[in-house]
Amino acid sequence: MTVPTMVDSHCHLDMEQFDTDRAAVLKRAGAQGVRRIVNPGIDLAHSRRAIELAERHPQVYAAVGIHPNSSGDFNERALTQLAALAEHPKVVAIGEIGLDYHWDLVSPQEQARAFRGQLELAAETGLPVIIHNRNASADVAQILGEWTASERTRSSPLAQRELWGVLHAFSGDAALALAAMDWQFTLGLGGALTFKNARSLHKLASQLCLDRLMLETDAPWLTPHPMRGKRNEPANAALVAQRLAELLAATVEEVAARTTAVACALFGIDAGELPAPADGLPLTADILSESTPQPRESATSYG
Ligand SMILES: [Zn+2]
């Protein structure tokens with residue numbers, strides 16, 4: 001039995017939660033068909049780690065960026081270092097960047113300054129952006145609306161692209177989804193889609209166009225049903241694909257093929273030279289039987 005190829009468009013594989021079994025995690029992902037993984041950065045150190053993993057593993061790509069919850073010490077020097085990291089051939093995006101008003105770790109003004117600075121870097125490098133938004137939809141929409149409008153009037157490298165970014169872990173409303181289409185953005189759907197009580201997200205997802213959607217896990221966080229309570233991992237992108245297929249009345253194969261095409265277009269990666277899938281059963285049963293470490297509460301402010 002062959003499993004369709006999928007891309008986990010947002011996975012923090014560099015986190016210490018994977019230090020003891022990263023090779024096994026990648027093998028299980030391959031067995032589920034997850035043969036491309038994009039590892040976003042949350043600060044400079046983690047952006048470097050993401051690049052190191054991308055150098056070591058052909059199926060892993062990196063994004064570099066400073067998460068809003070780490071943006072308190074954002075400055076010109078940090079931006080210069082990010083720009084240097086962004087030149088690495090396996091860096092495919094700037095991210096994750098954005099606004100987080102849930103954790104309230106950094107003032108909104110400082111978050112916005114880091115966000116705008118990194119959007120500017122993306123425009124200049126021509127790399128798409130991975131956007132984190134938590135309880136900040138109005139301000140994220142204002143900043144992205146202004147930025148995309150102004151980029152369209154210039155001929156920056158990013159303006160040449162068909163797709164400019166992703167609203168990751170999308171859980172917003174229809175208005176934000178429509179705005180994202182207008183900005184030439186995609187939406188990343190993850191574990192939240194599988195939660196039984198996420199009815200408004202289910203309803204919205206059922207109306208979305210597959211050609212602007214990507215699968216993601218946000219591992220090690222946001223574990224999908226029925227694995228909640230365990231550490232999340234990229235193999236679980238297959239569970240998100242299953243739920244999305246149900247909601248759209250599509251087949252898993254169609255969801256996998258079209259979300260993979262979106263991810264490859266957005267990140268400029270090639271699905272044609274994927275490494276051979278790892279050995280193993282393409283079933284979730286072998287993941288269910290694994291005992292994985294519990295998620296650490298201290299690190300959940302990223303995601
Ligand atoms: Zn994340």
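## Helix packing and parallel strands in a predicted model

Helix 2 (residues 44-56) and helix 3 (residues 76-85) pack against each other with their axes 11 Å apart and at an angle of about 5°. Because angles under 35 degrees count as roughly parallel, helix 2 is described as roughly parallel to helix 3. On the side of helix 2 the contact is made by Leu 44, Ser 47, Arg 48 and Ile 51, and on the side of helix 3 by Ala 78, Gln 81, Leu 82 and Leu 85.

**The chain and its confidence**

- The chain has 303 residues, of which 48% are buried, and its secondary structure comes to 10 helices and 8 strands.
- Among contacts between residues at least 6 apart in sequence, 75% join residues that are at least 24 apart.
- The mean pLDDT of the chain is 90, with 89% of its residues reaching 70 or more.
- Over residues 275-299, however, the pLDDT is below 50, although this stretch has 34 contacts in the model beyond near neighbours in sequence.

**Strand 4 and its partners**

- Strand 4 (residues 91-100) is mostly covered, since 10 of its 10 residues are buried.
- Strand 3 (residues 60-64) pairs with strand 4 in the parallel sense over 3 bridges, and within this pairing Ala 63 stands opposite Ala 93 of strand 4.
- Strand 4 also runs parallel to strand 5, to which 5 bridges join it; here Ile 94 stands opposite Val 129 in strand 5, while the bridge partner of Asp 100 is Arg 134 in strand 5.

**Strand 5 and its surroundings**

- Strand 5 (residues 129-134) is largely enclosed by the rest of the structure, because 5 of its 6 residues are buried.
- Strand 6 (residues 165-167) runs parallel to strand 5 and is joined to it by 3 bridges, with Ile 130 standing opposite Val 166 in strand 6.

**Crossovers through the helices**

- A right-handed β-α-β unit is made by strand 4, helix 4 (residues 108-125) and strand 5.
- Strand 5, helix 5 (residues 137-153) and strand 6 likewise make a right-handed β-α-β unit.

Note on methods. Residues numbered from 1 in each chain as written. Predicted model: local features only at pLDDT ≥ 70, side-chain atom pairs only at ≥ 80, totals over all residues. Buried ≥ 20, exposed ≤ 12 C-beta atoms within 10 Å, placed from the backbone. Helix = DSSP H or I, 4+ residues; strand = E, 2+ residues; numbered from the N terminus. Pairing = 2+ DSSP bridges. Right-handed = clockwise from strand over helix to strand, strands pointing away. pLDDT = per-residue confidence, 0-100. Contact = placed C-beta atoms within 7 Å. Axes fitted to C-alpha atoms, helices over the stretch in contact; angles between N-to-C directions. Parallel < 35°, antiparallel > 145°, perpendicular 65-115°, else oblique.
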